[in-house]
Amino acid sequence: MKDAFGLPQSLLVLGGTSEIALATARRLIARRTRTVWLAGRPSPALDEAVQDLRAHGADVRTVAFDALDPDTHEEALNKVFAEGDIDLVLLAFGVLGDQAHDERDPSAAVRVARTNYIGAVSAGLVAARALQTQGHGSLVVLSSVAGERARRANFIYGSSKAGLDAFAQGLGDALQGTGVHVMVVRPGFVRTRMTAGLPEAPLATTPEAVATAIELGLRRRSETVWVPGVLRVVMSALRHVPRGLFRRLPV
């Protein structure tokens with residue numbers, strides 16, 4: 001069960017090799033978390049994540065999970081919840097894609113959409129139902145500021161995150177009064193393997209900074225968290241820029 005400050009004893013990470021998720025897990029282990037489930041495709045990277053979190057003092061377990069195979073989500077997540085209550089589910093999987101390539105290859109663009117949106121809708125609903133059944137818990141969804149307004153440079157990724165963000169907000173509204181808390185996290189450019197080699201955007205941040213914001217959001221039971229916080233103001237302004245002008249902005 002969570003403590004008085006909203007921090008979990010048990011954590012399920014959907015996307016077990018996510019650098020943001022692992023930074024969050026390490027931060028929560030240092031506070032209170034003792035049991036961590038990493039859901040992902042079996043791989044050396046997942047094995048390394050297990051060893052890392054065990055070295056930080058957690059009881060770490062894994063479950064096979066593939067965002068692109070929604071038909072298996074219920075079985076996979078039910079295995080986890082059958083072992084005991086989960087205080088926090090962190091939905092952290094996603095792919096950036098390659099905008100220039102994906103525009104020319106619709107099947108590649110569909111893969112981005114299936115991972116970031118369809119897979120997340122499936123896993124999010126399964127996790128939410130399990131949390132609701134146990135009567136408590138939080139679902140934290142890693143969205144992105146890219147979903148606030150689609151940009152020419154990454155509109156395929158951005159549109160998939162826009163769908164995810166809207167879904168998560170609606171899910172949070174649907175779960176009001178059930179004991180389940182949904183928090184949407186909107187980071188800007190995060191320095192990770194996924195963004196390696198890309199031009200760094202203004203207000204770039206780190207997985208550790210996102211983890212800090214997630215912890216604070218859990219303590220406050222926030223519904224939306226921006227990382228860094230100033231992006232809330234920036235994106236509010238950009239959202240209202242006329243489209244013709246927006247096309248010409250260096251964003």
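The exposed residues Arg232 and Val233 sit on the face of helix H8 turned away from its buried side; exposed means over 50% relative accessible area, buried under 20%, and partly exposed in between (1.4 Å probe, protein chains only). The model is predicted, with local features needing pLDDT of at least 70 and side-chain atom pairs pLDDT 80 or more, while totals for chains, interfaces and linings use all residues. Residues are numbered from 1 along each chain as its sequence is written, and side-chain values use heavy atoms, without hydrogens and water.

H8 spans residues 231-239, and its buried residues are Leu231, Met235 and Leu238. Seen down the axis of H8, these fall within an arc of 60°, so they line one face of the helix; the arc is that of the directions from the helix axis to the C-beta atoms. An α-helix has 3.6 residues a turn, so residues three or four places apart point the same way. Helices (H or I, at least four residues) and strands (E, at least two) are DSSP runs, numbered from the N terminus. The cover over the buried residues of H8 includes strands S6 and S7 and helix H9, where contact means heavy atoms within 4.5 Å.

Strand S4 (residues 88-91) is covered on both faces: Leu88 and Leu90 are buried on one side, Val89 and Leu91 on the other. Its pairings are tabulated below; strands pair if DSSP finds at least two bridges between them.

| Strand paired with S4 | Sense | Bridges |
|---|---|---|
| S1 (residues 10-14) | parallel | four bridges |
| S5 (residues 137-142) | parallel | four bridges |

Leu88 stands opposite Leu11 of S1 and opposite Ser138 in S5.
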